[in-house]
Amino acid sequence: MEGDVMDKLEDTSSVYEFDPFTGNIPATKVEITVSCRNLLDRDTFSKSDPLCVLYTQGVETKQWREFGRTEVIDNTLNPDFVRKYILDYFFEEKQNLRFDLYDVDSKSPDLSKHDFLGQMFCTLGEIVGSPASRLEKPLG
């Protein structure tokens with residue numbers, strides 16, 4: 001699994017200074033695209049129809065919250081998802097991310113109705129700090 005971060009400082013970055021009265025921490029907008037290679041094929045008569053779900057972990061509660069979903073790409077084990085995730089990157093904060101992949105079998109939004117293909121954990125800092133802001137990790 002790969003996570004690409006596109007830096008468009010003029011278009012997507014919003015850096016602001018720390019304000020002790022409001023508690024605003026400096027942040028930058030980061031755009032993540034997801035691609036996968038050699039996914040498991042869970043379908044009998046065709047290839048998988050993958051969907052990627054991004055979860056973020058709350059700093060205080062440690063609860064995983066769904067952040068967003070990509071589109072479903074039919075019949076592929078090597079998807080390059082078009083839908084991007086745009087997150088605020090906080091420089092001094094560890095931001096845990098979880099990417100879950102599913103083979104979509106119906107129109108149901110309920111993820112338990114689909115085949116789970118695997119997941120990948122990382123931090124937003126790992127993606128931003130990777131060479132060319134490109135992170136590759138195997139699914140677990």
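Modeller: Asn-38 sits in the loop between strand 2 and strand 3. Helices (H or I, at least four residues) and strands (E, at least two) are DSSP runs, numbered from the N terminus. The model is predicted: local features need pLDDT of at least 70, side-chain atom pairs count only at pLDDT 80 or more, and totals for chains, interfaces and linings use all residues. Residues are numbered from 1 along each chain as its sequence is written, and side-chain values use heavy atoms, with hydrogens and water left out.

Asn-38 has a phi near 60°, a positive value in a residue other than glycine. Asn-38 counts as exposed because its relative accessible area is 68%; exposed means over 50%, buried under 20% and partly exposed in between (1.4 Å probe, protein chains only). Asn-75 also has a positive phi, near 55°. Asn-75 belongs to the loop between strand 4 and strand 5. At 46% relative accessibility, Asn-75 is partly exposed.

Now the whole chain. The protein chain has one helix and eight strands. In sequence order they run β-β-β-β-β-β-β-α-β. The chain holds 140 residues, and 44% of them are buried. Take the contacts (heavy atoms within 4.5 Å) between residues at least 6 apart in sequence: 60% join residues at least 24 apart.

Next, the interior. A nonpolar core is a set of buried Ala, Val, Leu, Ile, Met, Phe, Trp, Tyr and Cys residues joined through side-chain atoms within 4.5 Å. The largest has 20 residues, and Ile-32, Val-34, Tyr-85, Leu-97 and Phe-99 touch the most other members. At least two residues of this core come from each of strand 2 (27-35), strand 3, strand 5, strand 6, strand 7 (115-123) and helix 1 (124-129). Another core, of six residues, lies apart from it and includes Leu-51, Val-53, Tyr-55 and Val-104.

Gly-68 lies in strand 4. Gly-68 is buried because its relative accessible area is 14%. Setting aside residues up to four places away in sequence, Gly-68 touches Cys-52, Val-53, Leu-54 and Tyr-85. Gly-68 and Cys-52 are 16 residues apart along the chain, with 8.5 Å between their C-alpha atoms.

Thr-56 lies in strand 3. Thr-56 is buried, since its relative accessible area is 13%. Beyond residues up to four places away in sequence, Thr-56 touches Gln-63, Trp-64, Arg-65, Phe-67, Leu-87, Asn-96 and Leu-97.

Strand 5 gives the most, three. By class, the lining has five nonpolar, five polar and three charged residues; Asp, Glu, Lys and Arg count as charged, Ala, Val, Leu, Ile, Met, Phe, Trp, Tyr, Cys and Pro as nonpolar, and the others, Gly among them, as polar. The largest pocket has about 240 Å³ of space. A pocket is an open set of points on a 1 Å grid over the protein atoms alone where a 1.4 Å probe fits, with protein on both sides within 12 Å along at least five of seven lines; lining residues have an atom within 4 Å of a point.

Methods: Grid points are joined across faces, edges and corners, and a volume is the space filled by probe spheres set on the points.
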